[in-house]
Amino acid sequence: MRRKMVAGNWKMNNTPAEAVAFANSIKANINTDKTDVVLCVPYVALDAVKNELAGTHISVAAQNMHYEKSGAYTGEISGEMLVAMGIPYALIGHSERRQYYNETDETVNKKVQKALALGLKPILCVGESLEERKKEVTNELLRQQTNHALFGVSAEDVLKVVIAYEPIWAIGTGVVASPKQAEDACAYIRGVLAQKYCTDTASKVTILYGGSVDDENAAELFGQPNIDGGLVGGASLKPTFADVVKAGLPK
Ligand code: PGA
């Protein structure tokens with residue numbers, strides 16, 4: 001049985017003080033070890049939020065990382081730096097990074113490989129644009145993105161990767177994928193993993209849905225057989241995030 005996971009992606013929101021106050025309210029409202037809860041926090045607040053959540057079952061993730069250890073990469077943060085801070089997860093390949101910061105399948109793969117080598121668990125994002133969905137190339141795109149991102153990743157290591165299916169047209173738009181659309185895509189990704197590895201390995205990988213998830217639609221989405229929880233943006237900044245987490249509790 002796969003565990004559910006609910007990850008909140010705060011994006012570029014919350015100063016360190018705001019982040020700590022919000023993490024404090026989250027820990028008061030979410031007290032469960034039955035579902036994995038991860039907060040993807042801006043770099044500058046990671047340490048403070050991690051300390052605030054010490055002793056709870058809620059963990060933190062960086063929203064990105066560089067694949068080089070150190071060097072002349074102004075403005076970047078390496079995986080080694082995150083590991084030194086005790087950060088367990090890193091979001092990799094979010095569509096906003098692919099869209100605005102030149103993230104490619106190749107850099108995503110380098111980051112995934114580097115994270116795994118360091119013992120950092122990648123939350124790998126894949127997903128199609130509206131144009132790609134209209135052209136009916138969604139599956140092909142998901143296959144390409146997944147295979148590229150996992151190039152060189154062993155069957156043992158892929159079990160440490162969380163994959164988030166996030167259709168770009170659903171991110172921040174309020175237009176959530178239907179449970180069937182989300183399930184079909186997550187099942188397809190699992191099929192790609194089965195082909196690349198084997199059915200048993202594929203059946204153990206956590207696959208999330210993301211894109212306009214909120215407290216009202218989460219339960220039905222998370223109830224689909226191939227959806228193991230969600231990557232939640234806007235709704236993770238609200239008190240109702242606790243209700244989204246509750247939707248991920250075992251029934
Ligand atoms: P959203 O964002 O929930 O605000 O659509 C999801 C994401 O970008 O991870």
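K246 pairs up with D243 in a salt bridge, and their closest N and O atoms sit 3.7 Å apart. Both residues belong to helix α12 (residues 241-247), where they are 3 residues apart, or about one turn of the helix. Keep in mind that this is a predicted model.

- K246 comes out as partly exposed, because its relative accessibility is 45%.
- D243 is partly exposed too, with a relative accessible area of 34%.

**R2 and D228**

- Salt bridges with shared partners link R2, R190 and D228 into one network.
- Within that trio, R2 forms a salt bridge with D228, and the closest N and O atoms are 2.8 Å apart.
- R2 is partly exposed, at a relative accessible area of 24%.
- D228, on the other hand, is buried, since its relative accessible area is 3% and the cut-off for buried is under 20%.

**K27 and E52**

- K27 makes a salt bridge with E52, with 3.1 Å between the closest N and O atoms.
- Here the partners come from two helices: K27 is in α1 (residues 16-29) and E52 is in α2 (residues 43-52), so the pair ties together parts 25 residues apart in sequence.
- K27 counts as partly exposed, with 30% relative accessibility.
- E52 has 18% relative accessibility, so E52 counts as buried.

**The overall tally**

- The structure holds 14 salt bridges, counting the pairs above.
- As a general point, side chains of opposite charge can pair when their charged atoms come close.

**Where α5 meets α7**

- The axes of helix α5 (residues 105-118) and helix α7 (residues 138-149) come within 8 Å, crossing at roughly 40°.
- On the α5 side, the contact is made by D105, V108, N109 and V112.
- On the α7 side, Q145, H148 and A149 do the touching.
- Sorted by type, the residues in this α5 and α7 contact come to 3 nonpolar, 3 polar and 1 charged.

Definitions and conventions:
Residues numbered from 1 in each chain as written. Predicted model: local features only at pLDDT ≥ 70, side-chain atom pairs only at ≥ 80, totals over all residues. Heavy atoms only, no water. Axes fitted to C-alpha atoms, helices over the stretch in contact; angles between N-to-C directions. Helix = DSSP H or I, 4+ residues; strand = E, 2+ residues; numbered from the N terminus. Contact = heavy atoms within 4.5 Å. Nonpolar A, V, L, I, M, F, W, Y, C, P; charged D, E, K, R; others polar. Salt bridge = Lys/Arg side-chain N within 4 Å of Asp/Glu carboxyl O. Buried < 20%, exposed > 50% of the residue type's maximum accessible area, 1.4 Å probe, protein only.
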